There are 4 protein chains.
Amino acid sequence: MPLPEEFHALARKVNNWGRWGPEDERGTLNLLTDEAVRRGAASVRSGKRFPLAIPLSQNGPQVGFIPGRINPIRTMISLNEPLTGDPTQVCFSDDIFVMGAQAATHWDALAHASYDGRIYNGFGSATVTAAGAARCGVDKAGPVAGRGVLLDVARAKGVERLDGGYAITGDDLDAAADLAGVAVEPGDIALVRTGQMRLLHGGDRMAYLYPVAGLSLRSVEWMRGHDVAAAATDTIVFEVYPGELPDVELPVHLLHLVEMGMTQGQNFDLEDLAADCADDGVYTFLLAATPEPLTGGLGGPVAPLAIK
Amino acid sequence: MPLPEEFHALARKVNNWGRWGPEDERGTLNLLTDEAVRRGAASVRSGKRFPLAIPLSQNGPQVGFIPGRINPIRTMISLNEPLTGDPTQVCFSDDIFVMGAQAATHWDALAHASYDGRIYNGFGSATVTAAGAARCGVDKAGPVAGRGVLLDVARAKGVERLDGGYAITGDDLDAAADLAGVAVEPGDIALVRTGQMRLLHGGDRMAYLYPVAGLSLRSVEWMRGHDVAAAATDTIVFEVYPGELPDVELPVHLLHLVEMGMTQGQNFDLEDLAADCADDGVYTFLLAATPEPLTGGLGGPVAPLAIK
Amino acid sequence: MPLPEEFHALARKVNNWGRWGPEDERGTLNLLTDEAVRRGAASVRSGKRFPLAIPLSQNGPQVGFIPGRINPIRTMISLNEPLTGDPTQVCFSDDIFVMGAQAATHWDALAHASYDGRIYNGFGSATVTAAGAARCGVDKAGPVAGRGVLLDVARAKGVERLDGGYAITGDDLDAAADLAGVAVEPGDIALVRTGQMRLLHGGDRMAYLYPVAGLSLRSVEWMRGHDVAAAATDTIVFEVYPGELPDVELPVHLLHLVEMGMTQGQNFDLEDLAADCADDGVYTFLLAATPEPLTGGLGGPVAPLAIK
Amino acid sequence: MPLPEEFHALARKVNNWGRWGPEDERGTLNLLTDEAVRRGAASVRSGKRFPLAIPLSQNGPQVGFIPGRINPIRTMISLNEPLTGDPTQVCFSDDIFVMGAQAATHWDALAHASYDGRIYNGFGSATVTAAGAARCGVDKAGPVAGRGVLLDVARAKGVERLDGGYAITGDDLDAAADLAGVAVEPGDIALVRTGQMRLLHGGDRMAYLYPVAGLSLRSVEWMRGHDVAAAATDTIVFEVYPGELPDVELPVHLLHLVEMGMTQGQNFDLEDLAADCADDGVYTFLLAATPEPLTGGLGGPVAPLAIK
């Protein structure tokens, strides 16, 4: 069944096609201007660092619902192997790994989602082939760094963790920005905290996977209106799931990735960062989060670092 | 045959075992203090960004000399697959990849090299098993960010590229620091440019691989004396190869990784950054280069970003 | 805690070390003599064929209990790609796959199991390294073909499927041979049916995995006494699980692989073959089941074929 | 440029579309009737066995010309790991591997090649997707066993190895059948020896790869006329390469796979078998060569066994 008019109306409102030229493949990452990056660097005060990636291990959050999107498997190709044959000289241990590009902490490439034959900026979805994304792959994202803003929706609502299925609205984001005492500016990177990561920390993968609080249709205009450069959450789905409209699956993905060209991140571990922000009341920081440049990649693993 | 006394004498001089406690697994990354990170952030002036990772693709620099250390292979697990069965609704393209952890731009874990049964801080090399590095794996590196300093040895020598096999000395590093107008301070991260990456850009993988200019035994005390937090180069070997001593393979790896506990990086693409530094005469920047946290990993892919 | 004397007594009785010389790496596969193979070929009457491998797909039986032993993932590396650029000429679709060597239908290499520092024939377990099995790897198995005998224990017991945890004894095997009207001879290959595969066919992977009917300590002397060349079952564990002795895990593996040097197979789909045997009363056939020759492999995928 | 009329004329002559019904996905493997299989079993006289697969190792024949078609990499996921924590009890060593499905000894799936939007039996080439071959995948091949006939063209020509680029004709096949003293019958499986494998044995991978003697356009009618069930060679390309027609790449692949639906095999090691056939003058045998049933696979690794 076709997408409802409600969706299409919203799509028209937030669409960014052509905004950065007909050949643009970076979307809202273009908002990461020199000035925006300087604003990020100026946020550094103490020098404290918060790494936001979850461990790359077989105990990752994937349980097989998406075939092929496997947790990282890392195995040895050599083990203290003496290069000269003599173990009193140099010995090396090397490894190899295989993982789903979207399995752990990652940015979705803009080409990750399509509908009606189109990806961001109107490129045909057929530009994605067995060889990967010829257009809007994660290798086109380029540097991702700027001012990060923690929007701790859970804390703003006074809970440790939003209920699974809670639909975050623009008002919720405003409340979180108020709590942070921050005016979100064009080119900021929004880290939206639901608290869902606590479930993964607690070892309950199934609960982490479903149901999931997340950004809703009622938050999309907020993101577009604030000209956020990118957004990431502490969940595996990013948007609220199950969603708000019957018979419509993951519409926020389409509005962000396809219509707005806004890169979105998943499985960001915001717990330590959030505790520190709550502690010192400072919710802005330099965020350095350049994805691995997988040529033609539909997603890119990233080891984001927040520096306060 | 045993390592020569010359090596052991140098090892005693630069050894850091116990310096950060008997359980330490991070070595000189401990020098990345809050203060060092603030110094890095303070280096940001224009906001210009320089990504330093080479593309993750099958055209990477590996040619099979190290069995199993394969260039990245990324393949599709779904291709514009309609989630609901209806292509006018959301469709996803996902991918998976496999690669040698040391195949592209990466940091070596301290556990990557051993000799005589020991890795950094005196841990037994048997702590590396089929399950990976129980000690000093790349997952123990934590955040890597601070002030980066480009030591453009090639430019300081007045050449586009050092000859393959050129052995970089402490004097060369001093000359590069002089060119940069920088006093290298404890906790800085040194990016040592040889120009070798030009060969990879030119498509000549074999020339890129061998012979290689790089850090030599005569540079190790310099690194230890300046208390550099980490060092990376634009080559695949990192140290000069072939090396300086007959019958001794890769001694700088042992002195850096095992004795000093200094994390070292390889295949950093420094060309654009170096051109800009030559242009504006500013050779310092914030370097954000946290590796992918592969649990037990002997190396970690990294997408380093220099922000000037 | 040490293995009980009961185990060691049995080990002494069935041990084959040295039987085929001190350098032997094939164990009971040596019993597949020309004569035994001719007996297999002579079993062919109708020419009907029964493939015994389960599909290599992500829907395989692995659910993650053994980290890294993943179900096969097969992805495309090219998709109708025109070799000359012109799709009216030849186009190719190619693929790549990754899987646990023991994930689907496979033979265990003799080196797969060890205890007390020894594998089959007294080789040190340290001969297995990060590079694989230097001794008794699956690449040493060589051709596996001979007369197969279906020992349908479930049918002999009058059930569709043995209860999970049922411990198959030598008497059970005798009863199954009686049902088959076959005298098991030296060099025969025994396919022991429990009916457990019906659970996998029915889609219940967890039930397929645990508990499992299988060969027990009380069947080991039977195998040794009949000089079976190899044995395979329609389960994932091969032996009964949970086992018979408290605090002793998988002792039959040790007795078969280490003591006897008897290659054992898992996840053989015997359902169609068993139905046909029940139908025509003929339980012998030519079995062709040479494993993929993975150099140094601890297990080898196999696509066994029974020809009646 | 379009394929020449010469090609299309040949295509019309050998086409098998519809011969086994409109839904057929097995092509000439349908010729492996019970009778043909019995003929194969009846070929067994001595019981001698000849395994025909090359080792699955990183030293395989792939050198990177076909991106992603990598030689097998097998790494350990556990290494003598004590299941109970006690190494005097059972310890396991397990492994995992990744390889191109067409990298070593394999059968091409019929869906491996397409042209002009069609695969075998007129199915659309779009039936091959990121999920693999929905039609004519290697999982549809089913059992492959029957009478094998060695057609030792090199020996019939009186050479150890045909020159690279030699185009094998129907007359050459007749001469090889004469040498063998065999009348090739419908449902036989033809193993065509060029001697090219000697180059791989000798360690010269580049020479093994190019140029290659092989089946030519002038052999296709012979295969169709004799109703061969499948054909395999001891080369990596299968057909002669470079080919016979200017501007036409690999036409024999199209005629075999697409038009005839004849499964073809590559990298079969025929050296030991050929030596034995030359020795005893017997060139027929039972061939058991069922591919690994990769669901949707475009090729299937196989460990073929010839039993004389």
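User: Where does C:Arg147 sit in chain C?

Analyst: C:Arg147 has its place in strand E8, residues 145-152 of chain C. Keep in mind that this is a predicted model.

User: Why is C:Arg147 called buried?

Analyst: Buried means under 20% relative accessible area. C:Arg147 comes out at 10%, so it counts as buried.

User: What is in contact with C:Arg147, leaving aside its neighbours within four places in sequence?

Analyst: Quite a list, including C:Ala36, C:Arg39 and C:Gly40, as well as C:Val182, C:Ala183, C:Thr284 and C:Phe285.

User: How do you know that the side chain of C:Arg147 is in polar contact with C:Ala183?

Analyst: A polar atom of that side chain lies 3.2 Å from the backbone oxygen of C:Ala183. The cut-off for a pair of N or O atoms is 3.5 Å, so the pair is a polar contact.

User: Which residues of helix H2 in chain C are buried, and what do they pack against?

Analyst: In helix H2 (residues 34-42) the buried ones are C:Ala36, C:Val37, C:Arg39, C:Gly40 and C:Ala41. Within chain C, they pack against E8 and strand E14 (284-288). From chain D, they meet helix H2 (34-42), strand E1 (49-51) and strand E16 (305-307).

User: Now A:Arg155. Why is A:Arg155 called partly exposed?

Analyst: Partly exposed is what lies between the 20% limit for buried and the 50% limit for exposed. A:Arg155 has a relative accessible area of 43%, so partly exposed is the label. This residue lies in helix H3 (residues 153-156) of chain A.

User: What is in contact with A:Arg155 beyond four places in sequence?

Analyst: A:Leu179, A:Arg193, A:Ala278 and A:Tyr283. Take A:Ala278: it is 123 residues from A:Arg155 along the chain, yet their C-alpha atoms are separated by 8.5 Å.

User: On to chain A and chain B. How many residues take part, and what area is buried?

Analyst: Chain A brings 90 residues to the contact, and chain B brings 90 residues too. The area buried between them is about 6900 Å², with 58% given by carbon and sulfur atoms.

User: What makes A:Asp94 and B:Arg69 a salt bridge?

Analyst: The closest N and O atoms of the pair are 2.6 Å apart. The cut-off is 4 Å, so A:Asp94 and B:Arg69 pass. Between chain A and chain B the count is four salt bridges. There are also 44 residue pairs in polar contact across that interface, both residues at pLDDT 80 or more.

User: Which strand gives the largest share of chain A's side?

Analyst: Strand E3 (residues 91-100) of chain A, with ten residues. By class, that side of chain A has 52 nonpolar, 24 polar and 14 charged residues.

User: How many salt bridges and polar contacts cross the interface of chain A and chain C?

Analyst: Zero salt bridges, and two residue pairs in polar contact. The side of chain A that touches chain C has six nonpolar, three polar and no charged residues.

Technical notes:
Residues are numbered from 1 along each chain as its sequence is written. Chains are lettered from A and ligands numbered from 1 in the order in which they are written. This is a predicted model: local features need pLDDT of at least 70, side-chain atom pairs count only at pLDDT 80 or more; totals for chains, interfaces and linings use all residues. Side-chain values use heavy atoms; hydrogens and water are left out. Helices (H or I, at least four residues) and strands (E, at least two) are DSSP runs, numbered from the N terminus. Buried means under 20% relative accessible area, exposed over 50%, partly exposed in between (1.4 Å probe, protein chains only). A polar contact is a pair of N or O atoms within 3.5 Å; within protein, one must be able to donate a hydrogen and the other to accept it, and residues adjacent in sequence count only if both atoms are side-chain atoms. Contact means heavy atoms within 4.5 Å. Buried area is the accessible area (1.4 Å probe) that two parts lose on being put together, summed over both. A salt bridge is a side-chain nitrogen of Lys or Arg within 4 Å of a carboxyl oxygen of Asp or Glu. Ala, Val, Leu, Ile, Met, Phe, Trp, Tyr, Cys and Pro count as nonpolar, Asp, Glu, Lys and Arg as charged, and the others, Gly among them, as polar.
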